[in-house]
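Biologist: I am new to this structure and would like to learn how to read it. Could you take me through some of its features, one at a time?

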Amino acid sequence: MSSIPKHITELQTPAVLIESSRLERNLRRMQEAISARRRRLRPHAKTHKSPDVAKMQLARGAVGICCAKLGEAEVFADAGVADIRLPYPLHPVNADRVLALAERVALSFIVDDGAIAQAWSDIACRAGRRLDVLIKVDVGFHRCGIDPQAPDAADVVRTIAGLAGLRFKGLLSHAGHAYGVHTDAEAEAIAADEAQTLVDLASRSGVACEEISVGATPTARFSVHQEGITELRPGNYAYYDRTQVALGAAGWEDCALTVLARVVSRPARDRLIFDSGSKTLTNDGARGRGNTAGHGAVLEHIQGSRPVDSLLVERLSEEHATVRDLTGSSPLAIGDLVRLVPNHSCVVSNMVDAVWLVDGERVLERLPVAARGRIT
Ligand SMILES: Cc1ncc(COP(=O)(O)O)c(C=O)c1O
């Protein structure tokens, strides 16, 4: 087995770095904020896709994790994670995998459709067991979930909760529309409305809800104060990114994930090429307020936290980042290393087999991103 490089200058680039002290602090702060309000934290593992990081979260008090896909959940189950929730609308075509996984871990998933819920109930009855489900509620993101304002919403909850093969756990939502806010007040209003919507629907249905589960990093700091919430499922908070900074959910000094890249060409005074193209940084844009142009923020130096506003990551090809030097005065030369905060850290994790846990410029450990690429 090849030995681990000791210094980041020895790493092949591009490489994804995780600043150990920032990761530790992010995990601790979120856990403390949620535990202090006597809520449960169940982080979404989509951000790190790493059993090592999941174990750090569990060791600090998380009650379990979330995954989107069964393939991800299977990886975490293999690694010994015992309680996994899939806030993703699983189709019964996956019955065999769901039943097999439910034999190994405490598994729960969402439903948002009466016929699909009935199908899962039938599958469970035939298998002689019950499956744990939550009903997904659309609180404004308009992705999946039942419409809480629909005249039959409470009936849908009662019907699904009464199905023989299901063990109804409660209601769950994801306020993804909070990524579109421009002020903290807007994010807070979304968090308050989300909680109220779920609590109201639970009360109208008359069905006991063990869980009222919400989760998104931009609203987490407000959701934690809402009455009736039992569980929060933020994911991005482990690493944060340029979008969370622009949304006011984090500072630059909280961004644990950075991309280490190298200047491979400087064809003009105002143009540099880094070796971190869309296969590393991805084409996700940054949302939020302030300067969010381009494909990531270039930090002032490889140990720094502050971005250099005069360097704009203007265009990505698969293997090239075309960077405009707006002042034409950057001292960067071919061969130099740069560190970037990506727009969206979750999608960057998914691009690499392993990330490097670092302390500044010192490499501590190689963390396999074991659940990357599990799209089924
Ligand atoms: C259903 C669900 N829950 C929780 C999360 C975590 O949210 P965030 O990435 O804002 O932390 C996500 C993220 O996409 C999600 O889709």
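Modeller: Let us start with two helices: H3 passes H4 in a left-handed crossing. Left-handed is said when the near helix is turned anticlockwise from the far one by less than a right angle, and right-handed when it is clockwise. Helices are DSSP runs of H or I with at least four residues, numbered from the N terminus. Please keep in mind that this is a predicted model, where local features need pLDDT of at least 70 and side-chain atom pairs count only at pLDDT 80 or more, while totals for chains, interfaces and linings use all residues. Residues are numbered from 1 along each chain as its sequence is written.

Biologist: At what angle do H3 and H4 pack?

Modeller: Two packed helices are described by the angle between their axes and the distance between the axes. Axes are lines fitted to C-alpha atoms, for helices over the stretch in contact, and angles run from 0 to 180 degrees between N-to-C directions. H3 (residues 70-78) and H4 (residues 95-104) pack at about 25°, with axes 11 Å apart. H3 and H4 are therefore roughly parallel, a term for angles under 35 degrees.

Biologist: Which residues make the contact?

Modeller: Contact means that C-beta atoms, placed from the backbone, lie within 7 Å. From H3 come Leu70, Ala73, Glu74 and Ala77, and from H4 come Arg97, Val98, Leu101 and Arg104. By class, the contact of H3 with H4 has five nonpolar, no polar and three charged residues. Here Ala, Val, Leu, Ile, Met, Phe, Trp, Tyr, Cys and Pro count as nonpolar, Asp, Glu, Lys and Arg as charged, and the others, Gly among them, as polar.

Biologist: How do H6 and H7 pack?

Modeller: H6 (residues 153-161) and H7 (residues 184-205) pack at about 70°, with axes 8 Å apart. H6 and H7 are therefore roughly perpendicular, the term for 65 to 115 degrees. Their crossing is right-handed. Ala153, Ala154, Val157 and Arg158 in H6 meet Leu201, Arg204 and Ser205 in H7.

Biologist: Which residues surround the ligand?

Modeller: A residue is near a molecule if its C-beta atom, placed from the backbone, lies within 6 Å of it. Around the ligand are His44, Lys46, Pro87, His174, Gly215, Ala216, Thr217, Arg233, Pro234, Gly235 and Asn236. That shell divides into three nonpolar, six polar and two charged residues.

Biologist: And how is the chain divided?

Modeller: Domain bounds come from an automatic or database domain assignment. The chain has domain 1 (37-238) and domain 2 (252-368). Their contact takes twelve residues from domain 1 and nine residues from domain 2.

How values were computed. Parallel < 35°, antiparallel > 145°, perpendicular 65-115°, else oblique. Contact = placed C-beta atoms within 7 Å.
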